[in-house]
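Welcome! Here is a short briefing to read alongside the model, taking one topic at a time.

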Amino acid sequence: MPSVARVVGRSFSTAKVLLKEGPEAVLRLAPDDEFAPALRYWTGSRAHNIRLYREYGPPPERAESESEIYRDLGLNFIPPELREDQGEFEAARGGTLPSLVEMKDIRGDLHIHGLTVGGADLLEEYAATAMRMGYEYIAITDHLRSPFTPYGLDEAGIRSRMREIEHLNRRLEGLTLLSGIEANINKDGSIDLPASMSRDLDLVIASVHSDFSMARDEMTLRIVRAVEENEIHVLGHPTGRIIGKRAMVHLDLMRIADVSRERNVLLELNAHPARLDLNGEGCRRAKAAGTLFALGSDAHRPEAMGNLLHGVAQVRRGWLEKRDLVVTMPLSLLLARLNR
Ligand SMILES: [Zn+2]
Ligand SMILES: [Zn+2]
């Protein structure tokens with residue numbers, strides 16, 4: 001297979017390979033009638049399998065499908081993303097499993113950078129990609145200029161960008177571009193965007209791009225201030241992690257989720273593969289606080305819009321349903337929600 005760098009182990013029915021991208025993968029062969037049980041076993045987490053075995057005895061060695069296995073145990077089908085022994089058995093018994101959001105429910109992407117290559121041509125490429133993906137809307141959210149994002153837009157730049165987008169929208173059919181910005185949250189929780197400017201934009205994302213190593217209380221206060229004292233719509237990539245490079249910042253997520261709900265600010269699920277932030281667990285905890293979520297690819301080029309799929313996978317791990325994500329709303333409802 002083209003993605004395999006080398007084979008590191010093999011037996012009668014398995015092969016362990018090192019992928020060119022880095023991780024190892026194990027390939028397993030199973031006869032047809034053992035395929036579903038094997039799929040369930042090898043893709044379910046260890047914690048889920050242990051609980052299943054303890055409470056229901058050894059699962060069958062033959063079955064037609066994964067749903068048949070769960071049905072025979074008196075359970076509703078537990079989707080793979082939920083197999084963590086974190087309440088899914090109780091929910092499957094009680095018929096309260098969430099109906100997880102799917103890619104087909106997604107009507108748009110709320111985090112896109114158009115500026116890196118620059119100009120109207122790239123906007124048109126984004127628009128064309130969005131139409132191919134069947135979206136109703138996308139938000140162009142370039143950086144606001146700051147010491148940490150010097151290539152970002154200043155106020156004059158934002159104004160001319162808004163006119164450009166307005167102009168393009170007049171020519172587009174079935175797709176609307178929203179004028180947005182991604183502002184940096186300063187150390188004291190302020191953002192360098194005048195309230196008048198925020199009100200003229202369709203979507204303001206505020207994110208931490210600097211001073212990541214603050215103590216928990218300080219960081220929480222910084223973000224609470226950003227949410228309470230500014231006109232923002234979305235708290236971008238709330239924990240700031242870069243997978244394999246930077247750990248999550250220390251913060252009180254539940255407090256931030258509470259304040260965001262009170263202020264009608266959305267928490268972002270940033271679908272950039274290096275971020276996936278909030279992660280599944282974060283989504284689930286924030287959902288319990290009653291917050292709503294935004295979803296965006298954080299694309300810096302049109303092809304990267306496809307990364308939204310990874311974000312959907314992550315929110316599914318967080319038990320999120322269609323109603324938890326604003327990008328499942330039609331444009332009119334979304335705008336009403338953003339205008340508050
Ligand atoms: Zn960002
Ligand atoms: Zn961004």
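Two strands count as paired if DSSP finds at least two bridges between them. Helices (H or I, at least four residues) and strands (E, at least two) are DSSP runs, numbered from the N terminus. This is a predicted model, in which local features need pLDDT of at least 70 and side-chain atom pairs count only at pLDDT 80 or more, while totals for chains, interfaces and linings use all residues. Residues are numbered from 1 along each chain as its sequence is written, and chains are lettered from A and ligands numbered from 1 in the order in which they are written.

**Overall layout**

- The protein chain is divided into domain 1 (1-30), domain 2 (33-97) and domain 3 (105-339), with bounds that come from an automatic or database domain assignment.
- Taken over C-alpha atoms, the centres of domain 1 and domain 2 are separated by 26 Å.

**The seven-stranded sheet**

- An open sheet of 7 strands runs in the order β4-β5-β6-β7-β8-β9-β10, with parallel pairing.
- Because β4 and β10 stand at the edges with a single partner strand each, one side of each is left without a neighbour in the sheet.
- Strand β4 (residues 108-112) pairs with β5 in the parallel sense over 3 bridges.
- Within that pairing, D109 has I138 of β5 as its bridge partner, and G108 has Y137 of β5.
- On to the next pair: β5 and strand β6 (residues 176-184) are joined in the parallel sense over 7 bridges, and I140 finds its bridge partner in S179 of β6.
- From β5 the chain crosses through helix α6 (residues 155-171) to β6, a right-handed β-α-β crossover; right-handed here means that, with the strands pointing away from the viewer, the path from the first strand over the helix to the second runs clockwise.
- How enclosed is strand β5 (residues 137-143)? 7 of its 7 residues are buried, so β5 is largely enclosed by the rest of the structure.
- For the terms, a residue is buried if 20 or more other C-beta atoms lie within 10 Å of its own, exposed if 12 or fewer, and partly exposed in between, with C-beta atoms placed from the backbone.

- In general, nonpolar side chains of soluble globular proteins tend to be buried together.
- A nonpolar core is a set of buried Ala, Val, Leu, Ile, Met, Phe, Trp, Tyr and Cys residues joined through C-beta atoms within 7 Å.
- Which residues touch the most other members of the largest nonpolar core? Of its 68 residues, they are F293 and L295.
- Not counting residues up to four places away in sequence, F293 touches L266, L267, L269, C283, V315, L320, D324 and L325, where contact means that C-beta atoms, placed from the backbone, lie within 7 Å.
- Helix α10 (residues 280-288) has G280, G282, C283, A286 and K287 buried.
- These residues lie on the same side of α10, because they cover an arc of only 160 degrees around the axis; the arc is that of the directions from the helix axis to the C-beta atoms.
- The buried residues of α10 pack against α9 (253-262), β9 (266-270), β10 (293-296) and α11 (308-317).

- As background, most residues other than glycine have a negative phi, and most peptide bonds are trans.
- D277 and L278 are joined by a cis peptide bond, with omega about 0 degrees, and L278 sits in the loop between β9 and α10.
- D85 is not a glycine, yet has a positive phi of about 55 degrees; D85 lies in the loop between α3 (66-72) and α4 (88-94).
- D85 is partly exposed, because 16 other C-beta atoms lie within 10 Å.
- D298, also a residue other than glycine, has a positive phi near 55 degrees and is placed in the loop between β10 and α11.
- D298 counts as buried, because it has 28 C-beta neighbours inside 10 Å.
- Just after α10, G290 takes a positive phi of about 90 degrees.

- V26 lies in strand β3 (residues 24-28) and is exposed, with 11 other C-beta atoms within 10 Å.
- Leaving aside neighbours within four places in sequence, V26 is in contact with T14 and K16.
- L19 belongs to strand β2 (residues 14-19) and is partly exposed, with 13 other C-beta atoms within 10 Å.
- With neighbours within four places in sequence left aside, the contacts of L19 are S3, V4, A5 and A25.

Notes. Two residues are in contact if their C-beta atoms, placed from the backbone, lie within 7 Å.
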